[in-house]
Number of protein chains: 2
Amino acid sequence: MRIVLLSGGVGGARCARAIDSWRRTADPSLQLTAIVNVGDDFSHLGLRVSPDIDSVTYHLGELGDADRGWGRAGDSARIANQIERHLPEAAWFHLGDLDLGHSLIRTEMLASGMPLSRVTQRFLDDFGISARVFPVTDDDSPTIVRLPDGPLSFQEWWVRLRADPVPERFEYPRAAAARPAPGVIAAIEEADLIIVAPSNPIVSITPILEVPGVREAVVGARAPIVGVSPIIGGRPVRGWADRCLAAAGVECSALGVREFYGARGSGGLLDGWLVDPVDDLDRESDEPGGSGEHGSERTIVTRSVPLRFTGGREDARIAEALLTLAWSSTQNAEPPDEAKVNRRLDLPHSGI
Amino acid sequence: MRIVLLSGGVGGARCARAIDSWRRTADPSLQLTAIVNVGDDFSHLGLRVSPDIDSVTYHLGELGDADRGWGRAGDSARIANQIERHLPEAAWFHLGDLDLGHSLIRTEMLASGMPLSRVTQRFLDDFGISARVFPVTDDDSPTIVRLPDGPLSFQEWWVRLRADPVPERFEYPRAAAARPAPGVIAAIEEADLIIVAPSNPIVSITPILEVPGVREAVVGARAPIVGVSPIIGGRPVRGWADRCLAAAGVECSALGVREFYGARGSGGLLDGWLVDPVDDLDRESDEPGGSGEHGSERTIVTRSVPLRFTGGREDARIAEALLTLAWSSTQNAEPPDEAKVNRRLDLPHSGI
């Protein structure tokens with residue numbers, strides 16, 4: 001079985017790790033391919049930084065700092081302290097020593113002519129990671145934040161300004177000229193399941209879909225497409241997704257994001273949607289008036305499971321819920337019991 | 001009193017620290033200016049590396065690794081280990097984490113348009129170092145090693161090939177177009193004493209003198225010029241100066257290097273020459289036949305003192321010997337007792 005994960009940020013990294021961990025127990029032959037946002041990529045101190053690719057790589061390699069959600073476990077700040085001392089104007093973006101070394105090596109590989117996708121694969125090979133991580137494109141395609149007084153790079157807005165103020169809009173000015181990285185379209189077409197990670201819909205998932213051919217391949221894929229809500233109880237799990245959603249006119253709720261993505265049957269993206277129990281949308285839309293207001297979303301099969309990734313058994317439950325949901329969405333019916341799902345997906349019962 | 005030190009490599013750094021340490025006891029008002037070779041500078045992993053400037057800066061700031069003679073004390077190798085793992089083809093040049101961070105910051109400052117001399121001064125200021133360190137030029141002026149099968153950068157030959165084979169010659173192809181960095185010529189003209197550090201004559205001192213105007217300023221300076229032999233007992237104190245001297249047809253001995261520099265009165269550089277007691281040249285040239293063979297060198301006043309820098313009282317003895325020698329060379333006579341030297345140089349007796 002082949003799973004494609006559309007991934008950005010910490011939510012994407014944690015979801016990738018959850019699926020990969022579950023895979024080892026349940027189905028070692030399962031192939032996971034993360035297609036990753038590069039809209040956050042930027043150059044700092046001459047180093048090419050790819051935060052979303054690194055987050056997913058570090059998490060898959062069990063190298064990531066689980067508490068912070070970004071950077072490397074056990075990293076040090078010797079060079080960051082030097083920057084603070086000698087070049088304080090550049091200290092707003094923190095890179096741990098290992099994180100900086102990783103970016104330095106990437107920058108050198110890119111300078112030698114290797115495309116980002118090959119650089120990323122080389123790191124995966126060196127770390128012994130069997131999952132695949134594809135930047136959605138090898139081309140430079142930065143997300144631009146349009147503020148009242150002009151445009152800003154995403155990282156400057158997100159990190160230096162701490163996502164303040166809410167921008168007028170986000171732009172992906174170079175996406176239209178970008179080409180999908182090698183393997184991206186084929187992976188989507190060949191997938192048995194496509195998962196939209198609980199990543200920022202506006203600055204992680206949309207920039208992936210904006211690369212020409214990607215949205216079309218996803219929507220046209222034979223695989224079911226299920227998403228994981230990045231919003232729990234009306235608040236982002238991490239970061240300032242609320243401000244990104246506000247700029248896009250999207251309500252900061254599991255329902256709002258589901259509407260933003262839309263149902264595949266109605267020109268949108270999703271067949272299924274996984275929410276936290278606090279956001280049980282079926283219950284909501286079963287209430288009088290609910291079906292009318294969100295009528296176009298009724299074909300998105302929505303299920304709930306606790307959505308906080310912990311690195312433990314909760315992660316396996318999320319992974320299993322995604323597979324169950326995928327089965328349900330292809331049936332557009334109530335899910336069968338778990339044993340049936342696993343049989344249909346040709347998986348052993350994981351026992352978790 | 002103003003001392004100018006022509007400096008390269010570890011010998012230059014250790015000599016600078018010896019003079020600076022001695023200054024604090026003997027004459028805090030003494031101004032030390034190191035004019036430093038940039039022929040070894042090169043770019044590695046996109047980082048601008050200035051080994052000779054860094055060595056002297058680190059030593060003056062008591063930041064250097066005293067045992068190795070290069071790099072930072074207490075440095076770590078986290079990024080070097082990453083390079084070894086992911087980019088082994090670049091691992092031949094080792095940079096500790098702190099050393100790498102320092103070069104990263106320099107690279108960023110240079111990229112912002114700051115000339116190397118200002119970058120160097122900014123580091124000195126941040127480290128609280130009162131001595132001045134001037135790159136001889138802000139222009140790129142690399143030393144090229146001419147091997148039978150083509151040219152190579154100095155660091156590739158020195159570090160990667162470990163100075164093997166002996167090259168046909170060394171070249172300074174861009175020196176003729178380089179301009180002395182701000183303050184270099186003035187420092188030489190205003191100096192009360194010019195010291196040629198025990199640095200590699202071929203790849204440290206010569207590239208300094210090759211920058212147009214520098215050799216002329218040094219030779220024409222009102223200050224006495226005294227040199228410290230980098231060769232003790234026929235062997236370099238560190239590194240492969242023997243192979244550099246061989247390429248230039250210079251005998252690897254304290255005498256050979258003295259002859260290479262030559263007497264200022266005979267178109268050369270030196271008024272005085274400090275050697276280790278094992279190389280007592282006066283004794284040699286007083287022997288029958290000695291005066292004839294080395295006739296042109298007779299006006300270089302040569303004295304001996306133990307020349308191994310230790311970071312302790314031996315360093316102060318070398319510094320004092322240099323001042324005594326400078327006094328002698330202006331007299332072209334035997335040195336007076338130390339108390340007289342200190343009076344003439346307006347220095348308190350250091351008591352060492």
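Analyst: What follows begins with the sheet, moves to the helix and its surroundings, and ends with the pair of chains.

This is a predicted model, in which local features need pLDDT of at least 70 and side-chain atom pairs count only at pLDDT 80 or more, while totals for chains, interfaces and linings use all residues. Residues are numbered from 1 along each chain as its sequence is written, chains are lettered from A in the order in which they are written, and side-chain values use heavy atoms, with hydrogens and water left out.

Chain A holds an open sheet of seven strands in the order 5-2-1-9-10-13-14, with parallel pairing; strands (E, at least two residues) and helices (H or I, at least four) are DSSP runs numbered from the N terminus, and two strands pair if DSSP finds at least two bridges between them. At the edges of this sheet stand strand 5 (132–135) and strand 14 (301–304) of chain A, each pairing on one side only. On average, neighbouring strands of the sheet are turned by 20° against each other, direction ignored, where axes are lines fitted to C-alpha atoms, for helices over the stretch in contact, and angles run from 0 to 180 degrees between N-to-C directions. Four bridges link strand 1 (residues 2–7) of chain A with strand 9 (residues 193–196) of chain A in the parallel sense, and A:Ile3 has A:Leu193 in strand 9 of chain A as its bridge partner.

Helix 8 of chain A lies across strand 1, strand 2 and strand 9 of chain A, and runs at about 115° to strand 1 of chain A. Nine of the 10 residues of helix 8 (residues 201–210) of chain A are buried, so the helix is largely enclosed by the rest of the structure; buried means under 20% relative accessible area, exposed over 50%, and partly exposed in between (1.4 Å probe, protein chains only). Among the buried residues of helix 8 of chain A are A:Pro201, A:Val203, A:Ser204, A:Pro207 and A:Ile208. At the start of this helix, a side-chain oxygen of A:Asn200 comes within 2.9 Å of the backbone nitrogen of A:Ile202.

The loop between strand 2 (31–36) and strand 3 (42–44) of chain A contains A:Asn37, which is buried with a relative accessible area of 0%. Leaving aside neighbours within four places in sequence, A:Asn37 is in contact (heavy atoms within 4.5 Å) with residues including A:Ser7, A:Val203, A:Ser204, A:Pro207 and A:Ile208. The side chain of A:Asn37 also reaches the backbone nitrogen of A:Gly39 at 2.7 Å.

The C-alpha atom of A:Val250 is separated by 9.8 Å from that of A:Pro201, 49 residues apart along the chain. A:Val250 counts as buried at 11% relative accessibility. Helix 11 of chain A lies across strand 9, strand 13 (272–275) and strand 14 of chain A.

As for the whole, a rotation of 180° with 0.0 Å of shift along its axis superposes chain A on chain B (RMSD 0.0 Å), using least squares on the C-alpha atoms of residues with pLDDT of at least 70 in both copies. That is the relation of a two-fold axis, and the same surface serves both copies, since 100% of the contact residues of chain A recur in chain B.

Conventions: A polar contact is a pair of N or O atoms within 3.5 Å; within protein, one must be able to donate a hydrogen and the other to accept it, and residues adjacent in sequence count only if both atoms are side-chain atoms.
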